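Student: I am new to this structure and would like a close look at a single part, the place where the chains meet. Could you walk me through it?

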2 protein chains.
Amino acid sequence: VPATKLPNPFSREEYLGRLRRCREAMTAVDAHCFVVTDASNICYLTGYGADSSYIMQALVIHADAELPTLYLRRQDSPAGRQMAWLPDEHVVGYPESFIGDDRIDGFDYLFDRLASQRGLERVGLEFGAISGATLEKLRARYGRLALVDLSDTIERLRLTKSPAEIAVMREASEITDLAMARAAEVVRPGRRECDAAAEITAALIRGTKRYGGERFGGILMPGGAQTGTSHINWTDQPIERGKHYNLEFGGFRFRYAVALMRSLAVGTPSQKLSRLYGYMIEGCNTALAAVKPGVTLGAIATAYCEVVKKGGYIKDSRCGYPIGIDWLETSCSLRTDDLTVVAPNMVFHLMLGMWLEEDFGAVISETFVVTLTGHEVFSRYPRELIVV
Amino acid sequence: VPATKLPNPFSREEYLGRLRRCREAMTAVDAHCFVVTDASNICYLTGYGADSSYIMQALVIHADAELPTLYLRRQDSPAGRQMAWLPDEHVVGYPESFIGDDRIDGFDYLFDRLASQRGLERVGLEFGAISGATLEKLRARYGRLALVDLSDTIERLRLTKSPAEIAVMREASEITDLAMARAAEVVRPGRRECDAAAEITAALIRGTKRYGGERFGGILMPGGAQTGTSHINWTDQPIERGKHYNLEFGGFRFRYAVALMRSLAVGTPSQKLSRLYGYMIEGCNTALAAVKPGVTLGAIATAYCEVVKKGGYIKDSRCGYPIGIDWLETSCSLRTDDLTVVAPNMVFHLMLGMWLEEDFGAVISETFVVTLTGHEVFSRYPRELIVV
């Protein structure tokens, strides 16, 4: 009996196209097969997205075969068959004896199989997605195989989204906006920060009435002196009038994220915060207005930096990155010196956090898709400082 | 003005002791310094635990210095000063220009500094916690430095907890139990799975009245045909009478997790589930009864496997692992062939999930600490199939 497949918004033809583009990149470096281990890349090519990547898992693409094979530990292989669009026999569960042993792991299982295949000499791997220990082990144990670094190959393919991917991200964005609206309701003086965080997180998981949200990495909402930091946990102390909070989170659909950031002031915002935020909004508007096919990411980032510079502010960190499966993509950045040329259907998180002092900063962001003539922002949430 | 430190349950003396044990391990392999990059290990040695590990960060321990130095990207360095117990000048923010550039990253910044230090020749690294690409780059660029693999060094230290760590885990467990009680309230026919997941997650974040919960990786609650899987997301479909759910989650305090798993039947459980669960409970009790200082992890795992085997069931996956910061620890496993000898103050997640068919499985677990004479289970939640 074949596994009952869970819902998947992408067609078989779309997946075959993604794989074909992978094989073209493999041909360019004469790789006979490609062992994909990055969890987001596996999701991109198969739809498999259970939270199992802390144990070795791999999608093996052969240059001369249309269908790849997904290798998961035995325990996770039923999830593979339920989530991946592949035929059941293309999901292999390797024995549990390879888990939790300090001498062997799933790479030994897989490479023993690969090493025994005739004609298979050049094996692509993502050197950035396997550990140094694994790479040294593979070189030592399978000296006959030439290992070729294919890091970033799939990340580059992921940069331009399909219409179906953009449709999924619109759903994720609806969830994000609901959660931001919920934040504006629950961040209130006297309530503990963790209690507000619980409500915002619940909104992201509940999703909309038509579809739910997903398991994800959690929200950020540093407040008070923690607004000088970007990735710190909330506290269990009461929310206080006069503080502001830097909200950062995103809804997820089929592991695609749409991020949104706003600062939220509890009570009348300080002059210092209001002045800064005014420049940030203007900078955000100016950067978005610069977006159209043919411009560089550097030009968009520079547009922002020049606006805030007028106010005496320096944006020292990058202005964002491509976004999609599991949030951050790594193929390029909204850095002032990034020469990547923008093209239709690329999606970016324009991330304009300003962490200016050890204990003071503010955030604003938008996730946008590049269109034929400019851009479209996913969120409908007002682009302003939230004041409650 | 020194940074205002966030609360930290561990004393300076405790951290100094952890570092001293690290340096003893470094001395054994004659490493002049140790570049720790694993996020959980950095947290263990410093208290720093913001969610920034997707970008290079490192704690550098010198063999001849009492205090190490934490290297974070500039944007995260205020969080480092607020969270780490170290003096402010021992938290270095490296320039944002090293972020999002495909030619250089924080390793180049750090190793340029290390390579210029006299007498520093043997550098310890966790080969399991850096990428293959990074290891090859460091070997190529810094040929003068001998790189020594210190993977698992700190993981082995983490295995035995201090009284202060156990106290923190008791708090985490209180949160876990509250969330399990909440699950038994909200998993109800007609409600969507995602709506129940939202409530359970909110309980984990809210925590208790005395202290809050934290940002964490999310809960698991596969139901129906997904009970054959272990790491899949909930759906947005309605909960149905006759199904059961495999609940797996844990509360967090200061990044320490205490895990708990139970199956929950909606309506009268099937004969098939009840029979299996009876053996699982008996197996769990038997395994726990086998715990005392001096026995091996293998003996505990075997005790479980023999009980369920009487019922005709095979436990093919390991029976658990040490648990602490960020949940899973990797220094050993509750595998039938693991010869690690149990000692007081080690903490394990006895994880007894049975994924028996593609679409059928059940789970039970306990997190326990080894005592001088036996064990103590953290949770007070009844060890039985939850029926609602």
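**Where the chains meet**

Tutor: Happy to. In the contact, 74 residues come from chain B and 74 residues from chain A, where contact means heavy atoms within 4.5 Å. This is a predicted model, in which local features need pLDDT of at least 70 and side-chain atom pairs count only at pLDDT 80 or more, while totals for chains, interfaces and linings use all residues. Residues are numbered from 1 along each chain as its sequence is written, chains are lettered from A and ligands numbered from 1 in the order in which they are written, and side-chain values use heavy atoms, with hydrogens and water left out.

Let's begin with area. Chain B and chain A bury about 5,800 Å² between them, 47% of it on carbon and sulfur atoms; buried area is the accessible area (1.4 Å probe) that two parts lose on being put together, summed over both. On the chain B side, B:Gln75, B:Arg215 and B:His231 supply 13% of the area buried against chain A, more than any other three residues.

Now for the pairings. The rule finds 56 residue pairs in polar contact across the interface, both residues at pLDDT 80 or more. A polar contact is a pair of N or O atoms within 3.5 Å; within protein, one must be able to donate a hydrogen and the other to accept it, and residues adjacent in sequence count only if both atoms are side-chain atoms.

Which parts of chain B touch chain A? Helix H3 (77-83), helix H5 (132-141) and H8 of chain B each supply at least two residues; helices (H or I, at least four residues) and strands (E, at least two) are DSSP runs, numbered from the N terminus. H8(B) gives the most, with nine residues. By type, this side of chain B divides into 26 nonpolar, 23 polar and 25 charged residues. Here Ala, Val, Leu, Ile, Met, Phe, Trp, Tyr, Cys and Pro count as nonpolar, Asp, Glu, Lys and Arg as charged, and the others, Gly among them, as polar.

Charged pairs also link the two chains: the count between them is 12 salt bridges, each a side-chain nitrogen of Lys or Arg within 4 Å of a carboxyl oxygen of Asp or Glu. One of them joins the side chains of A:Arg74 and B:Asp316 (2.9 Å, N to O). The side chains of A:Asp316 and B:Arg74 also meet in a salt bridge (2.9 Å, N to O). That pair runs from A:Asp316, in the loop between helix H10 (297-310) and strand S9 (320-324) of chain A, to B:Arg74, in the loop between strand S3 (69-73) and H3 of chain B.
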